[in-house]
Amino acid sequence: MVIRIEGNPRPYQSVRFTRKGIAYKSKEAREHADFLKRTIQAQVPEDHELWDGPIIIQKATFCFTHPKSWSKKKVAELESGVTFYKDTKPDLHDNLFKAVIDAMEGIIFTNDSRIVKLENAQKIWGIVGYTEISLLNSIN
């Protein structure tokens with residue numbers, strides 16, 4: 001199964017706390033989580049049954065729109081297929097991966113603890129931003 005989410009990837013925002021110790025998530029974080037869930041749900045077949053066994057993430061690509069400051073030459077290289085890795089924030093596994101995987105829970109699989117293997121993950125620059133996750137239910 002392949003899930004694609006258009007737009008620049010956004011990192012997972014963890015719970016924040018008020019001075020009194022009350023946990024909360026910002027409105028923006030809640031809205032983004034809802035957007036991810038709706039986008040993922042729209043791509044899952046109606047007859048899909050939740051996966052409840054070992055799951056392999058074959059590929060996870062987080063593509064960010066290239067900076068406007070890039071030269072025309074560098075953009076042309078990007079358009080011709082050269083891969084430019086994004087080696088700046090946000091973190092690949094801690095933040096980007098968690099946001100998408102948490103959104104898939106209850107839609108594609110029962111619990112993200114079922115993910116047993118991540119074969120290929122990358123953060124790259126591109127012409128347009130997107131996230132693409134390729135998953136395999138290793139039972140079927």
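Reader: Which residue is the bridge partner of E6 in β8?

Author: The partner of E6 is Y130. Bear in mind that this is a predicted model, where local features need pLDDT of at least 70, side-chain atom pairs count only at pLDDT 80 or more, and totals for chains, interfaces and linings use all residues. Residues are numbered from 1 along each chain as its sequence is written, and side-chain values use heavy atoms, with hydrogens and water left out.

Reader: OK, how many bridges join β1 to β8?

Author: Five, and the two strands run antiparallel. Strands here are DSSP E runs of at least two residues, helices are H or I runs of at least four, and both are numbered from the N terminus. Two strands pair if DSSP finds at least two bridges between them.

Reader: And how many bridges pair β4 with β8?

Author: Eight, again in the antiparallel sense. In that pairing β4 covers residues 55-65, and I56 stands opposite L136 of β8.

Reader: Is β8 mostly covered or exposed?

Author: Mostly covered: six of its eight residues, in the stretch 130-137, are buried (under 20% relative accessible area, with exposed over 50% and partly exposed in between, using a 1.4 Å probe and protein chains only).

Reader: Switching to helices, at what angle do α1 and α3 pack?

Author: About 60°, with their axes 9 Å apart. Axes are lines fitted to C-alpha atoms, for helices over the stretch in contact, and angles run from 0 to 180 degrees between N-to-C directions.
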